[in-house]
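The model is predicted.

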Amino acid sequence: MKRVFGAKKNNEPPPSIQDASDRINKRGDSVEDKVKKLDAELCKYREQIKKTRPGPAQEAIKARAMRVLKQKKMYEGQRDMLYNQTFNLDQVSFAAEGLKDAQQTMTALKSANKELKGMMKTVKIQDIDNLQDEMMDLMDVSNEIQETLGRSYSVPDDIDEDDLMGELDALEADMGNETEADGVPSYLQPDKEPDLETELNLPPAPTGHAAVPAGRVNNQAEDELGLPAVPRASIRG
């Protein structure tokens with residue numbers, strides 16, 4: 001049956017751009033090595049031509065050098081052609097990589113777009129506006145509460161600049177009147193102790209013997225303050 005219909009051939013996958021580029025670069029490196037060897041051989045022939053006198057020997061050396069130079073030119077042409085092929089493959093590789101990156105980017109954007117659409121269904125602009133309005137109202141109420149708690153009691157709020165200047169002028173006049181001769185204000189002078197007797201208006205304390213009314217004989221003994229002396233108790237044995 002195989003002779004009639006033939007056997008099925010195994011189709012090998014085509015080489016990738018990277019495989020082709022690596023193979024060409026390998027060939028180019030091999031040709032480059034050959035060019036370097038020919039350069040070394042040409043340098044040797046040049047030294048021989050300098051040392052050889054003009055004649056058949058020198059002409060033979062020049063002929064060999066000409067043949068090596070032709071080989072070098074041929075290899076250099078092959079090398080340049082291989083490098084051009086590598087350059088073209090690199091450009092194609094860069095373009096393919098760019099397309100792959102673009103495909104991945106598009107896939108990621110589509111996935112992100114789908115997720116955003118699902119999230120936007122749960123988040124509404126009207127709800128956000130309402131939340132912001134509620135937050136602003138709460139902040140206003142909080143500020144009012146803070147102002148109310150920080151309010152001062154029994155402090156007049158209707159004091160203007162004229163009242164302030166009048167109060168300062170009156171205070172300056174009072175300070176000028178209270179200033180003593182030495183230039184020290186009264187509120188900076190030491191406090192004086194008050195005279196209690198003057199404030200209470202008490203009569204003076206009695207001194208010496210008390211006066212005896214006329215026609216009365218004071219037969220009672222008196223003490224040093226003019227008061228009746230207390231009799232001493234007799235001591236019985």
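Helix α2 covers residues 17-51 and helix α3 covers residues 56-122. Their axes come within 8 Å and cross at roughly 160°. Angles over 145 degrees count as roughly antiparallel, and α2 and α3 are therefore roughly antiparallel to each other. The crossing of α2 and α3 is left-handed. The contact of α2 with α3 has 18 nonpolar, 10 polar and 12 charged residues.

Side chains of opposite charge can pair when their charged atoms come close. The whole structure holds four salt bridges.

| Salt bridge | Closest N and O atoms |
|---|---|
| Arg79 and Glu32 | 2.7 Å |
| Asp39 and Lys72 | 2.6 Å |
| Glu76 and Lys72 | 3.8 Å |

Take Arg79 and Glu32. Arg79 sits in helix α3 and Glu32 in helix α2, 47 residues apart, so the pair links distant parts of the chain. Arg79 is buried, at a relative accessible area of 17%. A network of salt bridges links Glu32, Arg79 and Asp80.

Next, Lys72. Asp39 is partly exposed, with a relative accessible area of 26%. Lys72 is buried, with a relative accessible area of 17%.

Lys72 also forms a salt bridge with Glu76. Glu76 and Lys72 are four residues apart in helix α3, which means about one helical turn separates them. Both Glu76 and Lys72 are buried.

Definitions and conventions
Residues are numbered from 1 along each chain as its sequence is written. This is a predicted model: local features need pLDDT of at least 70, side-chain atom pairs count only at pLDDT 80 or more; totals for chains, interfaces and linings use all residues. Side-chain values use heavy atoms; hydrogens and water are left out. Axes are lines fitted to C-alpha atoms, for helices over the stretch in contact, and angles run from 0 to 180 degrees between N-to-C directions. Helices (H or I, at least four residues) and strands (E, at least two) are DSSP runs, numbered from the N terminus. Angles under 35 degrees count as roughly parallel, over 145 as roughly antiparallel, 65 to 115 as roughly perpendicular and the rest as oblique. A crossing is left-handed if the near helix is turned anticlockwise from the far one by less than a right angle, and right-handed if clockwise. Ala, Val, Leu, Ile, Met, Phe, Trp, Tyr, Cys and Pro count as nonpolar, Asp, Glu, Lys and Arg as charged, and the others, Gly among them, as polar. A salt bridge is a side-chain nitrogen of Lys or Arg within 4 Å of a carboxyl oxygen of Asp or Glu. Buried means under 20% relative accessible area, exposed over 50%, partly exposed in between (1.4 Å probe, protein chains only).
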